[in-house]
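Take a look at the model below. This report walks through its metal site, a helix, its charged pairs and a sheet.

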Amino acid sequence: MAHVIEPAPTGRAKCRGCGGKIAASELRFGERLPNPFADGETMHWFHLVCAAFKRPEPFLEALAAGPQPLDDAEQLASEARRGAAHRRLPRIDGAERSPSGRAQCRSCHEPIAKDAWRILLVFYEEGRFVPAGYVHVRCSRAYFETADILPRLQRFAPDLRDEDLKEIEQELGQSAPA
Ligand SMILES: [Zn+2]
Ligand SMILES: [Zn+2]
């Protein structure tokens with residue numbers, strides 16, 4: 001039962017973390033899991049960055065098993081260790097402007113106003129990422145125990161523009177602890 005880090009043999013596999021394709025020969029992380037439908041095992045593939053962000057513990061296990069030399073191993077490991085220490089960080093699934101005023105923030109339980117920035121959350125349940133609601137960007141520090149999350153937001157919301165990121169960064173800077 002070992003997870004792996006290896007070059008992708010083809011460009012066909014999709015990343016479970018972001019839904020994007022993993023390019024051929026790009027290094028990928030494979031999480032080995034029991035097959036839910038039959039005997040044996042199945043592999044879930046991730047970009048290395050997506051694995052460090054969303055599956056920190058198994059990713060750290062694979063890193064520790066070596067021996068592949070990764071250029072950015074230390075940075076990836078450090079992000080994964082943060083995700084293992086702050087248990088809610090791996091839930092981050094991007095950011096967006098709230099399309100309505102109907103959703104409630106999981107942290108402060110206030111409604112999230114239409115057009116306000118919110119962070120999308122997912123729970124990892126039995127091998128799947130399940131949508132799990134939202135928190136205000138300004139509630140980041142209270143909810144995640146850290147506001148140092150911009151790279152995670154960018155990774156899972158690649159369409160955010162520079163001006164969006166500036167606004168989000170500003171709100172993160174103002175977010176208050178719990
Ligand atoms: Zn990915
Ligand atoms: Zn809130």
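## Salt bridges

E74 and R81 form a salt bridge, and their closest N and O atoms lie 2.8 Å apart. A salt bridge here is a side-chain nitrogen of Lys or Arg within 4 Å of a carboxyl oxygen of Asp or Glu.

This is a predicted model: local features need pLDDT of at least 70, side-chain atom pairs count only at pLDDT 80 or more, and totals for chains, interfaces and linings use all residues. Residues are numbered from 1 along each chain as its sequence is written, chains are lettered from A and ligands numbered from 1 in the order in which they are written, and side-chain values use heavy atoms, with hydrogens and water left out.

By the salt-bridge rule the count comes to 14. Three of these pairs are set out here.

| Pair | Closest N and O atoms |
|---|---|
| E74 and R81 | 2.8 Å |
| R32 and E41 | 3.7 Å |
| K114 and D115 | 4.0 Å |

How open are these residues to the surroundings? Relative accessible area gives the classes: buried is under 20%, exposed is over 50%, and partly exposed is in between (1.4 Å probe, protein chains only). E74 is exposed, at 54%. R32 has 23% relative accessibility, so R32 counts as partly exposed. E41 is partly exposed too, at 43%. K114 counts as exposed at 53%, while D115 is partly exposed at 43%.

Salt bridges also link up. E79, R82, D148 and R152 form a network of them.

## The zinc site

Which residues coordinate the zinc ion (ligand 1)? They are C15 (SG), C18 (SG), H47 (ND1) and C50 (SG), at 2.1 to 2.4 Å. Donors are N, O and S atoms within 2.8 Å of the metal (3.2 Å for Na, K and Ca); water is not among the atoms, so sites may look incomplete. Along the chain, the donors follow the spacing C-x2-C-x28-H-x2-C.

Why is the arrangement around the zinc ion (ligand 1) called tetrahedral? The 4 donor atoms subtend angles of 98 to 118°. Four donors count as tetrahedral if all angles lie between 85 and 135 degrees. The ideal angle for four tetrahedral donors is 109.5 degrees.

H47 counts as buried at 7%. C50 counts as buried at 0%.

## Helix α2

Helices (H or I, at least four residues) and strands (E, at least two) are DSSP runs, numbered from the N terminus. Helix α2 spans residues 56-65, and its buried residues are P56, P58, F59, A62 and L63. What covers these buried residues? The cover includes β1 (4-7), β2 (27-34), α1 (48-54) and α3 (73-85). After α2 comes G66, whose phi is positive, near 50°.

## The sheet

Two strands pair if DSSP finds at least two bridges between them. 3 strands form an open sheet in the order β4-β5-β6, with antiparallel pairing. β4 (92-97) and β6 (128-136) stand at the edges with a single partner strand each, so one side of each has no neighbour in the sheet.

β4 pairs with β5 (residues 117-125) over 4 bridges, in the antiparallel sense. R97 stands opposite W117 in β5.

Definitions and conventions:
Tetrahedral: all angles 85-135°; square planar, octahedral: opposite > 155°, others 65-115°. Contact = heavy atoms within 4.5 Å.
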